[in-house]
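Please read the points below beside the sequence and the structure.

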2 protein chains.
Amino acid sequence: MSPRTITDKEFAQREIEIIEIARGLIEFECITTLTIDKLVAAAPYSKGTIYKHFISKEDLFLAICNTCMSEIKELFIRALAFNGSSRDRLEAIMVSYLIWAKLHPAQLFAVLTAHSPSVTACSSDNRLIEHNQCEHQLMELIGVEINLAINTGDLTLPPDMLFEQVTFAYWSAAWGAMALIMSKGESIKLEPMVLERESFTNSRLILDGFGWKPLSNEKDYNQTVRKIAHEIFQPELDTLLKMGTPFIFN
Amino acid sequence: MSPRTITDKEFAQREIEIIEIARGLIEFECITTLTIDKLVAAAPYSKGTIYKHFISKEDLFLAICNTCMSEIKELFIRALAFNGSSRDRLEAIMVSYLIWAKLHPAQLFAVLTAHSPSVTACSSDNRLIEHNQCEHQLMELIGVEINLAINTGDLTLPPDMLFEQVTFAYWSAAWGAMALIMSKGESIKLEPMVLERESFTNSRLILDGFGWKPLSNEKDYNQTVRKIAHEIFQPELDTLLKMGTPFIFN
DNA sequence: TCGTCACGTGACGATTCGTCATTATAAACT
DNA sequence: AGTTTATAATGACGAATCGTCACGTGACGA
């Protein structure tokens with residue numbers, strides 16, 4: 001009754017495989033120069049099959065973005081294992097985010113462009129839902145830490161403020177620095193701005209603005225960042241060094 | 001010796017005209033659906049002529065973006081006329097930025113997408129230089145106010161920090177909120193985040209983080225925002241109301 | 001009036017996207 | 001084993017769009 005069927009699992013597996021191939025292509029070219037035809041040429045599947053998975057090129061982009069966000073999530077989880085104050089762990093999240101960005105600059109572009117309206121407009125509903133879940137999960141991880149901080153008294157939630165606003169403030173400040181600095185090609189530099197430094201600056205300002213203890217003038221967070229990086233992300237630091245783009249400490 | 005010449009001035013004028021036509025098209029469609037062919041159909045010039053002005057579609061996008069930034073600059077200048085503290089005037093800049101964004105949501109998308117690597121890659125050098133100048137001018141306006149604050153003692157520049165970093169921190173936090181909230185289509189909402197509220201929150205956090213006086217717990221900035229909006233941007237507020245997207249005060 | 005040369009034009013080749021008619025194939029059945 | 005059958009895979013194709021370039025046009029000087 002059902003000849004030549006493909007199981008859901010096989011289908012999902014193949015989707016992952018295609019996404020990985022696409023990510024591989026991006027590494028050498030750029031998200032912009034990636035075309036469906038190139039992907040078809042590089043993958044052991046035909047165009048029709050690929051369009052079974054992604055309803056459009058943008059849908060593929062968003063799928064790549066979602067995969068990246070899942071990867072980032074894993075790093076976040078590792079970061080949250082840092083033994084320190086709640087604020088230390090937020091710093092650790094920033095470290096992990098930066099490390100990922102530096103490890104995969106081409107992929108980061110994919111994540112950035114995935115936030116453009118064209119991608120949102122041309123992606124499948126399921127993919128968009130998945131994307132929202134990914135974003136939600138990342139924010140949730142930050143949210144848990146914020147809750148902890150409130151419970152321990154390190155952070156006092158301003159009375160007229162929603163809980164999610166704290167997450168959003170932190171996330172958006174990090175996003176802004178990332179987007180502005182990384183979008184500039186090598187051709188034009190945005191002053192002498194350094195991704196790592198400005199990101200930590202934004203983090204510090206936002207958290208100090210909340211009065212999240214210990215404040216940055218009570219503690220040397222540069223030291224904390226070094227400790228986090230070496231304790232949790234030493235392998236990644238080594239890779240970055242080998243890539244010629246070492247993590248820059250203050 | 002030179003038959004049928006076009007002066008530089010005429011050329012520049014025509015460029016402005018074409019950009020305005022393109023902006024008009026964007027209003028009804030979207031930056032993504034804007035094609036050169038549509039522009040050619042809408043403009044009294046042929047494709048060849050248009051390609052005399054813009055070396056690529058992306059170059060046109062960046063030109064639109066630059067025009068928008070010049071418009072924003074004018075609003076910034078108006079904002080800076082606000083009679084108050086230096087921090088009040090930064091708040092005024094945020095108000096003007098938000099008002100522009102709400103007045104021209106479609107154009108804002110153009111500005112956002114103009115920051116994607118594809119646009120940077122395919123634009124002419126001149127256009128990129130112009131873009132950098134626009135960005136620089138906007139930041140410079142903020143920079144002037146920061147200097148004033150330092151001179152009056154409202155702000156103490158952290159010893160290990162460059163002057164430009166203050167500007168960048170403020171600008172990137174504003175950018176992040178804008179990019180994250182506006183990039184979400186109507187389909188998917190990012191929690192109950194409100195552009196105006198989160199923008200002012202970010203602004204307050206960053207400036208409080210710097211210890212920029214008067215701090216937000218010493219003064220009701222919601223009141224200041226209302227004052228700024230009504231004193232300087234009442235016509236725009238009325239327009240927004242008519243558009244059905246009123247400026248949202250806290 | 002005519003020649004010239006910069007400017008304007010839009011047809012065209014080249015890409016790339018996404019579809020769909022056709023082919024291949026594995027399971028079920030005889 | 002051979003046949004049937006429904007589903008999956010394929011890639012040729014039409015449509016859309018980009019950017020170019022060979023040709024047309026017209027203002028000005030001679």
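1. Over all chains the count comes to 10 aromatic pairs, where rings of Phe, Tyr and Trp (its six-membered ring) pair if their centres lie within 6.5 Å, and planes under 30 degrees apart count as stacked, over 60 as edge-to-face and the rest as tilted. This is a predicted model, in which local features need pLDDT of at least 70, side-chain atom pairs count only at pLDDT 80 or more, and totals for chains, interfaces and linings use all residues. Residues are numbered from 1 along each chain as its sequence is written, chains are lettered from A and ligands numbered from 1 in the order in which they are written, and side-chain values use heavy atoms, with hydrogens and water left out.

2. One of the pairs joins B:Phe76 and B:Trp171, whose ring centres are 6.3 Å apart with planes at 80°, so the pair is edge-to-face. B:Phe76 has 0% relative accessibility and counts as buried (under 20% relative accessible area, with exposed over 50% and partly exposed in between, for a 1.4 Å probe and protein chains only), and B:Trp171, at 5%, counts as buried too.

3. In the tilted pair of B:Phe247 and B:Phe249 the centres lie 5.1 Å apart and the planes at 55°; B:Phe247 is buried at 7% relative accessible area, whereas B:Phe249, at 22%, is partly exposed.

4. In chain A, one aromatic cluster is formed by A:Phe76, A:Tyr97 and A:Trp171.
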